[in-house]
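Hi,

Here is the structure I promised to pass on to you. Have a look at it first, and my notes follow just below.

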Amino acid sequence: MFAFIARRLVATIPVLLFVAIFVFMLLRLTPGDPAAVIAGDNATSDQVAAIRAKLGLDEPLHTQFFIWSGKALAGDFGESFFFKKTVAELIVQRIEPTAMLALCTLILAVSIAVPLGVLAAARQGGWVDRAIMGFSVLGFSVPVFVVGYLLIYLFAIQWGLLPVQGYRRIAEGFGDFIIRLILPSVTLAVIYIALISRITRASVIETLGEDYIRTARAKGLPGRTVLLRHALRNAAVPIITVIGIGIALLIGGVVVTESVYNIPGVGRLTVDAVLARDFPVIQVVILMFSFVYVLINLVIDIAYSFFDPRIRY
Amino acid sequence: MTIALENEVDAAAARAAAVARPSVWKRLSQNMSVRIGGAMVLVMVLIGLAAPLLGTIDPARIDPTTRNRKPGVEVTVRNDDGTRTTRTVHMGTDSLGRDIYSRVLYGARVSLIVGISVASLSIVIGVFIGLVSGYIRWLDGIVMRIMDGLMAIPGILLAIGLVSLFRAGLGTVIFAIVVPEIPRVVRLVRSVVLSVREEPYVEAAISVGTPLPKILWRHILPNTIAPVIVQGTFICGAAILA
């Protein structure tokens with residue numbers, strides 16, 4: 001196991017290198033000049049050229065790449081073109097909201113969706129199953145911003161129970177922090193509850209047809225034990241895969257939800273940076289994503305062999 | 001000998017399958033949910049196809065004189081040749097004076113094309129890569145690390161890159177949504193393959209010398225179908241909203 005983890009961590013290096021080169025090329029080969037964006041509409045071409053020289057964008061591509069990667073390896077990720085902050089500062093600020101939102105959403109989604117999915121599978125074809133699957137179809141089809149604004153309208157404006165928007169750091173008090181995360185997490189959780197409960201139902205139904213389930217029933221185990229210990233555990237691999245993909249998507253930032261609830265997270269940082277051609281920020285954000293994804297997938301792969309010991313790598 | 005044995009095993013599997021399922025079409029057509037869902041999809045497809053015949057006008061037509069009208073109001077439009085025509089805007093007009101009713105009907109076309117093609121493309125490509133990567137051990141490490149990298153590139157960046165390389169169009173949109181979806185399908189399929197490849201019947205198939213493509217197609221692929229279909233419907237919905 002240790003050798004496996006070590007091998008996977010080493011494999012991160014080429015992934016990061018290729019992603020870095022790919023993103024670097026993609027950014028510089030597509031039209032859109034950050035110097036022109038900074039200079040504004042009325043700038044002369046001399047002014048634009050001066051800004052370009054200041055940002056180091058007038059060097060040949062490979063020189064730019066080596067300068068940037070040399071600094072990055074030394075821990076200096078450069079400074080944003082637009083915010084007068086270093087990229088590291090900017091990202092550290094944005095990580096907390098995104099990570100906390102992802103965590104809350106995940107806890108909510110998994111703790112609701114997995115029991116619902118198992119219940120639906122156990123009552124396959126019955127009205128409980130139909131009701132749960134009906135909700136799930138609804139969860140798939142209603143856009144996130146509709147759910148978001150609807151919840152804001154009901155809980156914040158109509159009933160005045162929760163704040164409308166905004167984010168507070170944990171350091172400013174846990175009560176204030178958690179009360180502002182409720183609506184965004186519920187909004188985001190809707191779609192994950194739909195997806196995870198459907199996947200849970202589909203794979204539990206699949207395992208319920210196996211011979212060992214019949215054996216377990218035949219030897220007189222109670223229905224709940226069969227369902228949870230035998231069926232759910234053997235159905236776990238696709239379920240944790242989907243949960244893992246969900247974590248990756250949530251960490252990558254959820255632009256729409258962050259915008260609806262005015263949360264300063266990584267998702268909006270990424271989109272703003274891409275639209276403004278803020279090269280240093282985009283490069284580091286994407287590198288960070290790839291590193292985190294490799295780690296998440298490593299954890300998921302380890303979890304596979306925990307739930308299904310037959311899986312060997 | 002092994003070939004004869006293999007044929008025997010396959011024939012037995014085919015017989016079992018034939019007994020278990022009378023007819024896929026018959027079972028589907030008797031299922032109420034399938035009937036209702038199918039009818040709804042059919043209506044959407046018909047609306048998309050018949051959009052020009054349902055009293056619509058050019059959905060992209062901008063008309064500064066009839067902006068922001070309420071649904072059901074009559075508007076008078078002056079044509080290029082000077083004549084005037086009056087029509088009712090069933091769903092009103094937007095801030096550029098475009099007819100929302102026409103935009104909705106023509107939008108059904110685009111949504112269906114994007115949703116269905118994104119879902120089927122990412123499923124086909126993802127299932128293929130996932131099967132191969134999950135089954136062939138030495139490929140797994142390399143392919144999955146490529147997928148990790150692919151997953152990290154935001155769709156919006158990819159879209160901007162594609163539009164500048166080619167040009168904005170339906171194909172570019174579909175491609176830009178398909179690429180980030182592929183790693184997710186691959187991970188799901190691969191996770192199922194990882195457990196299924198250890199099943200006794202796969203070992204049995206290997207021991208009678210079944211060729212690799214046949215093992216993947218006959219013995220492993222069917223196990224991945226259930227989660228993949230769920231993921232596929234999810235992708236279809238997400239692609240339409242994207």
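**Helix H5 of chain B**

In H5(B), the buried residues are B:Met144, B:Met147, B:Asp148, B:Gly149, B:Met151 and B:Ala152. Buried here means that 20 or more other C-beta atoms lie within 10 Å of the residue's own, exposed means 12 or fewer, and partly exposed is in between, with C-beta atoms placed from the backbone. Helices (H or I, at least four residues) are DSSP runs, numbered from the N terminus.

Before going further, please keep in mind that this is a predicted model, in which local features need pLDDT of at least 70 and side-chain atom pairs count only at pLDDT 80 or more, while totals for chains, interfaces and linings use all residues. Residues are numbered from 1 along each chain as its sequence is written, and chains are lettered from A and ligands numbered from 1 in the order in which they are written.

Back to H5(B): the cover over its buried residues includes helix H1 (2-29), helix H11 (236-251) and helix H14 (279-307) of chain A, along with helix H4 (100-135) and helix H7 (170-196) of chain B. The length of this helix also checks out: its 16 residues (137-152) should span 22 Å at 1.5 Å a residue, and the end C-alpha atoms are 24 Å apart, which agrees. The expected span is 1.5 Å times one less than the number of residues.

**Where the chains meet**

How many residues of chain A are in contact with chain B? There are 37, and they touch 29 residues of chain B; two residues are in contact if their C-beta atoms, placed from the backbone, lie within 7 Å. On the chain A side, the elements giving two or more residues are H1, helix H6 (127-141), helix H8 (174-208), H11, helix H13 (266-276) and H14. H14(A) gives the largest share, eight residues. By class, this side of chain A has 26 nonpolar, seven polar and four charged residues. For these classes, Ala, Val, Leu, Ile, Met, Phe, Trp, Tyr, Cys and Pro count as nonpolar, Asp, Glu, Lys and Arg as charged, and the others, Gly among them, as polar.

**Two helix pairs in chain A**

Helix H5 (residues 87-122) of chain A and H11(A) have axes that come within 9 Å and cross at roughly 155 degrees. Axes are lines fitted to C-alpha atoms, for helices over the stretch in contact, and angles run from 0 to 180 degrees between N-to-C directions. H5(A) contributes A:Thr98, A:Ala102, A:Thr105, A:Leu106, A:Val110 and A:Val114 to the contact, and H11(A) contributes A:Ile239, A:Ile243, A:Gly246, A:Ile247, A:Leu250 and A:Ile251. By class, that contact has nine nonpolar, three polar and no charged residues.

The other pair is helix H9 (residues 211-218) and helix H10 (residues 223-234) of chain A, packed at an angle of about 150 degrees with axes 10 Å apart. H9(A) and H10(A) are therefore roughly antiparallel as well. Their contact involves A:Tyr212, A:Ile213, A:Ala216 and A:Arg217 of H9(A), with A:Val226, A:His230 and A:Ala231 of H10(A). Here the classes are five nonpolar, one polar and one charged.

**Around H13 of chain A**

The buried residues of H13(A) are A:Val266, A:Gly267, A:Arg268, A:Leu269, A:Thr270, A:Ala273 and A:Val274. These pack against H5, helix H12 (255-260) and H14 of chain A, together with helix H6 (155-165) of chain B.

Two loop residues are worth a look. A:Asn262 sits in the loop between H12 and H13 of chain A and has a positive phi near 55 degrees, although it is not a glycine. With 13 C-beta neighbours inside 10 Å, A:Asn262 counts as partly exposed. A:Arg277 lies in the loop between H13 and H14 of chain A, and its phi is positive too, near 55 degrees. A:Arg277 counts as buried, with 22 C-beta neighbours inside 10 Å.

Finally, A:Val281 is in H14(A) and is buried, with 27 other C-beta atoms within 10 Å. Leaving aside neighbours within four places in sequence, A:Val281 is in contact with A:Ser80, A:Val87, A:Leu90, A:Leu269 and A:Ala273.

Best wishes

How values were computed:
Parallel < 35°, antiparallel > 145°, perpendicular 65-115°, else oblique.
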